[in-house]
Amino acid sequence: MQFHQDGFLPGDPKISRPVERIISPPKKQPLPSEVDVMIVGCGPAGLNLAAQLSKFANISTCIVEQKDDRLLVGQADGIACRTMEVFEAYDFSEQIKQEAYWVNETAFWKPDAATPNHISRSSKVQDVEDDLSEMPHVIINQARVHDAFLDVMRHSVSKLEPHYSRQLLSLEVDHSDDTHPVTLTFERLDSQHLGVIETVKAKYVVGCDGARSTVRKSIGRELIGDSINQAWGVMDVLVVTDFPDIRLKSAIHSSNEGSMLIIPREGGYMVRLYIELDKLSNNERLSKQSITTDYLIAAANRIMKPYQFDVKEIAWWSVYEIGQRLTTAFDDANDDQSPHVFLAGDACHTHSPKAGQGLNTSVNDTWNLGWKLAHVLSGRADKALLQTYSYERQLVAQQLIDFDREFSKMFSAKPKSAEHPDGVDPAEFQRYFTQFGRFTAGTAIHYPVSTLASSGQHQPLASGQTIGMRFHSAKVTRHADAKPLHLGHTMKADGRWHLLAFSGSEAFMGEHCKVKALCQFLQTDPASPIQRFTPNNADIDSIINVQAVFQAPHRDVEVATLHPLLQPKKGRYGLIDYEKVYSAIAEDATNFYDRRGIDKTHGCIIIVRPDQYVAEILPLSDYQGVSDFFEKVLIEPLEH
């Protein structure tokens, strides 16, 4: 898609008239007096959590925002491959892919050997390695991502809408209250109710309220870290230039004028510039008032010599300091009490924006937390499950901080030369960039061993699906309708577990088929986790979704031979679900088993968490292993 050619306008670019892009804010309703979950902050972390919880009719959720309306112009606009995989679970990844800029290549520029005060291209590299993800790395206005989450919330069973113009004044936790232990006090900021105080009692609170988080301060947590005393300017501009790589992501190191990162934006015309400014003295704070747009444009032109930037319009700009900070914990738990207040996003980790990890890490924080809250509040799991959030996500945040610190230092360092022997070799910077491609893509997250990620005794049965890492999707063919699709795309943001049974060398659904025997155990045995943990009158796949993958072409299996568990009757009419069985052979003749290291002789079971991370790999006949795994996580419903 191309747009912005006549100037930057926020909103949906498919709507021609800008005035029609305006979405009226929700009616200014009072806050509820009690809720299950109170979310403070309508950034990507908060909206992702609200979108997840909005799918559960039995969970009351409220989300508040200090601003008076939805975001129109964003700041965190880089969307990693893994985050796009999450968007697919909400069914809006295609919308984002159509509208966004795709980062396919990165160009590296360094001082020209013959004319050092000029830059020259050193190389171009593929931005995302082959088969890292089925999703691209994209750039899109953060506000459009917010709009997509808001649509999910608005169209959900709970029709959740944010409450704007609320400032959190105080938060207190009373652990003696067994029902709603957290009390929050808000002040209304809208003109019609200015100064009105509202009090809400909540079972759980999630602070997604940014680096200056009131929620974090209320529970006595601190952001700990430091700044590297480096100032940067950032601008989204419509520009006319003779720079040849203006539509490629470009990392530029000049000889003496600093560094710059160019990120093309969606629409075909706009670009984002990250421009290095002068280093700050110790304890010096950056004053935005001392930096002007003219200053930034002049700095960009000095770095870009011999190329010229003629800026026609500035859609957004800011200045910032690089710093890496991390909270002491992501919740309020202590030795005596389970957590009731959680932190996510910038409220618990901050870093520079150049690696594009802010929005992506924030979304994955609440992607981890959301299903756990839903499990506890729906009676599927004990509240001890919530302690795994801080355990898993704090480790990821520390890895991000360590990466960002090194990346920022290398980006800001002068190129190595006779004049600067201690500088950074541009080739070394490029190697670092490539080496950490999986990390920046969000696919390198590896949760440690716990009740939610086994020690990996049977990992060789599926060598390409690492326990503790996200399920690595690949194409299969659906049996019933011959539709080619990604197996990972069957795992939606609905809080369900996924048990994938990959057949071995025996005939699928034949007399000796281990998948068939497994299905019989799961459907009928009292020890089966499906029998134990599925509520009465609920669909049989409402807690654990069982699917099967076989090795033969899809035409070689007859529907009538399939086990009833793989064709369950669902809903008020008992209609048959035909979308549980797949051939590993895709339409391009690739084989899921080959691509993801599935043992063709023995097959296996892969248990996937509701957030799409691989939790366990087991032999097809290890019924006890299946029972033992879910025994550690789920609890039987009260109506059993």
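**Figure 1. Domain 1 and domain 3 of the predicted model.** The centres of domain 1 and domain 3, taken over C-alpha atoms, are 32 Å apart. In the contact (heavy atoms within 4.5 Å), 16 residues come from domain 1 and 15 residues from domain 3. Domain 1 is made of three stretches, 32-100 + 140-226 + 325-404, while domain 3 is the stretch 459-632. Domain 2 covers 102-135 + 229-321. These bounds come from an automatic or database domain assignment. The model is predicted, so local features need pLDDT of at least 70 and side-chain atom pairs count only at pLDDT 80 or more, while totals for chains, interfaces and linings use all residues. Residues are numbered from 1 along each chain as its sequence is written, and side-chain values use heavy atoms, with hydrogens and water left out.

**Figure 2. The second largest pocket, between domain 1 and domain 3.** The second largest pocket has a volume of about 300 Å³. Its lining has 14 residues, and those closest to the centre are Asn58, Ser378, Gly379, Arg380 and Pro535. Why is this pocket said to lie between domain 1 and domain 3? Both domains give residues to the lining of the pocket, so it lies between them. By residue type, the lining holds seven nonpolar, three polar and four charged residues. Here Ala, Val, Leu, Ile, Met, Phe, Trp, Tyr, Cys and Pro are nonpolar, Asp, Glu, Lys and Arg are charged, and the others, Gly among them, are polar. Pockets and cavities are found on a 1 Å grid over the protein atoms alone: in a cavity a 1.4 Å probe fits but cannot get out, a pocket is an open set of points with protein on both sides within 12 Å along at least five of seven lines, and lining residues have an atom within 4 Å of a point. Points are joined across faces, edges and corners, and a volume is the space filled by probe spheres set on them.

**Figure 3. The largest cavity.** The search of the whole structure finds 10 cavities of 30 Å³ or more, and the largest has a volume of about 130 Å³. The largest cavity has 15 lining residues, with Gln357, Thr361, Phe439, Gly442 and Ile445 nearest its centre. Helices α2, α7 (358-377) and α8 (387-412) each supply at least two residues of this lining. Helices (H or I, at least four residues) and strands (E, at least two) are DSSP runs, numbered from the N terminus. Seven lining residues of the largest cavity are nonpolar, six are polar and two are charged.

**Figure 4. The second largest cavity and Glu88.** The second largest cavity holds about 90 Å³ of space. Among its lining residues are Arg82, Glu85, Glu88, Arg470, Phe471 and His489. Domain 1 and domain 3 each supply at least three residues of this lining. The lining divides into one nonpolar, four polar and five charged residues. Glu88 sits in helix α2 (residues 81-89). Is Glu88 buried or exposed? Glu88 counts as buried, at 11% relative accessibility; buried means under 20% relative accessible area, exposed over 50%, and partly exposed in between (1.4 Å probe, protein chains only). Apart from neighbours within four places in sequence, Glu88 is in contact with Ser93, Met135, His489 and Lys492.

**Figure 5. Salt bridges.** A salt bridge is a side-chain nitrogen of Lys or Arg within 4 Å of a carboxyl oxygen of Asp or Glu, and the count by this rule is 47. One of them joins Arg302 to Glu257, with the closest N and O atoms 3.1 Å apart. Arg302 lies in helix α6 (residues 293-303) and Glu257 in the loop between β12 (249-253) and β13 (259-264), so the pair ties together parts that are 45 residues apart in sequence. Arg302 is partly exposed at 34% relative accessibility, and Glu257 is partly exposed at 38%. A salt bridge also links Arg496 to Asp494 (3.1 Å, N to O). Arg496 is buried at 14%, whereas Asp494 is partly exposed at 24%. In the salt bridge of Lys580 with Asp577 the N to O distance is 3.7 Å, and both residues are buried. Asp12, Lys14, Arg70, Glu99, Arg144 and Asp147 are linked in a network of salt bridges.

**Figure 6. Helix α14 and its packing.** Helix α14 spans residues 623-631, and its buried residues are Gly625, Val626, Ser627, Phe629 and Phe630. Which elements do the buried residues of α14 pack against? The helices are α11 (514-524) and α12 (529-533), and the strands are β20 (497-502), β21 (544-550), β25 (604-608) and β26 (614-618).
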